[in-house]
Amino acid sequence: MKKQLIYEAKRILLPLIIFTAIACVLYILTALNTDFIITRYHMWPDPAGLQSDELVPYEAAGNPLTNFVCTILLDLCFVVPVMQYSYRMKKRSVDLWYSLPITRTRLMLVRTLSGLALVLIPYTLSYWLGFAVIACSENVFELSQYVPLFFASIGVGVLLYFVNSFLFTRANTVRDGILFLLIWNLAPVLPFLTIGARLSVSGILSKSYLFFPLTPTFSVFGYFSALIRGDSSSIPYAWFLFTLAGLEGAAACFGLFYTAKRHRAEDAGQFSSSVFGYKVLIPFCVLLTVAIFPVEGTQSFYYLYYAMILIGGLISYFIYRRSFRLKKEDLFSLFGSFVGGILLSLLFEVF
């Protein structure tokens, strides 16, 4: 294990230096060119209790750059899994790695540890170098809040890394893995948007963001951004949001290692037939996008919309099969989900 870790450390050294340099330089340059104090105005109070028309300037906290450092963390959590696990998706590389005297589970562990290093080291160095620039600049921030923000962001960043890694490794090609990664980061919100839109339940629509995988990260940075500026802040439904994120991250971590030993070298470059792939994503999206519009009294525009959904579904299956020749089960799944969406739409109309 020690030899594998040393070799992996040497292998990732160059991208680690590049990621760290880019993150640090961008953050420092941004911090050096940002005004951390802005001038605002309020009405001058009249001694007689009346409000004066005179505007009085005062200093207020400016941009603490939490959004910028959040972007750095998110970019790393999406890019690094693609780099670290793409070896499983190319014939030449998978034959090489699987021929080594190391189990596939241990190889996955080594790749995961080095992947976390590729995320956390550039993020940590850029975070504290940027903080040093901010602290040395004129500001009115609550600088102590940067400390808990760092540790909280590390927690949600690691959970997101595991989720993205699991989603990417459900594919057998790099292209499919990137698509799975992007679509599954949006798909959990779709059912709630459909239900909220059809039943006119504003509560469901307003809370659908809780199921968005990136929400915990956005919430952490938004919460501490307000505290750094000296404002009060809270995270609505924090208990649910972070419990769900923890469960998703733990399940993804377990699935990542549990399925590693089952991966076969001959799967590399083949159709991505995982249940987390096209096989479920296409009918899932077709069903819900059809159900979002009413069937009764359908306008002519809706017929065009239904046709576009079917065409989009067919194109998705062409991408899945890499051919214009589809299997019977593909057509059955496509038209079955389309009919299911019509039935679900009718069910919504009953309510």
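Predicted model: local features only at pLDDT ≥ 70, side-chain atom pairs only at ≥ 80, totals over all residues.
I started with the aromatics: Tyr123, Tyr127, Trp128, Phe131, Tyr146, Phe150 and Phe151 are linked into a cluster by ring pairs. My pairing rule takes rings of Phe, Tyr and Trp (its six-membered ring) with centres within 6.5 Å; planes under 30 degrees apart are stacked, over 60 edge-to-face, the rest tilted.

Numbering runs from 1 along each chain as its sequence is written, and side-chain values use heavy atoms, with hydrogens and water left out.

**Ring pairs**

I searched the whole structure and got 24 aromatic pairs. Trp128 and Phe131 are edge-to-face, because their planes sit at 85° with the ring centres 5.4 Å apart. I found both in helix 5 (residues 104–136), three residues apart, about one turn of the helix. Helices (H or I, at least four residues) and strands (E, at least two) are DSSP runs numbered from the N terminus.

For burial I use relative accessible area: buried under 20%, exposed over 50%, partly exposed in between (1.4 Å probe, protein chains only). Trp128 comes out partly exposed at 29%, and Phe131 buried at 18%.

Next I looked at Phe254 and Tyr258, which are stacked, with 5.3 Å centre to centre and 15° between the planes. They are four residues apart in helix 11, so about one helical turn separates them. Phe254 is exposed at 55%; Tyr258 is partly exposed at 35%.

**Helix 10 on helix 11**

Which angle do helix 10 and helix 11 pack at? I get about 135° for helix 10 (residues 215–228) and helix 11 (residues 238–258), with the axes 10 Å apart. Axes are lines fitted to C-alpha atoms, for helices over the stretch in contact, and angles run from 0 to 180 degrees between N-to-C directions. That makes the pair oblique, my word for whatever is left after roughly parallel (under 35 degrees), roughly antiparallel (over 145) and roughly perpendicular (65 to 115).

The contact (heavy atoms within 4.5 Å) uses Thr215, Pro216, Ser219 and Val220 of helix 10 and Leu241, Phe242 and Ala245 of helix 11.

**Positive phi**

Leu65 is not a glycine, yet its phi is about 65°. I placed Leu65 in the loop between strand 2 (51–61) and helix 3 (66–85), buried at 4%.

Arg322 also has a positive phi, near 55°. Arg322 sits in the loop between helix 13 (300–321) and helix 14 (328–350), partly exposed at 40%.
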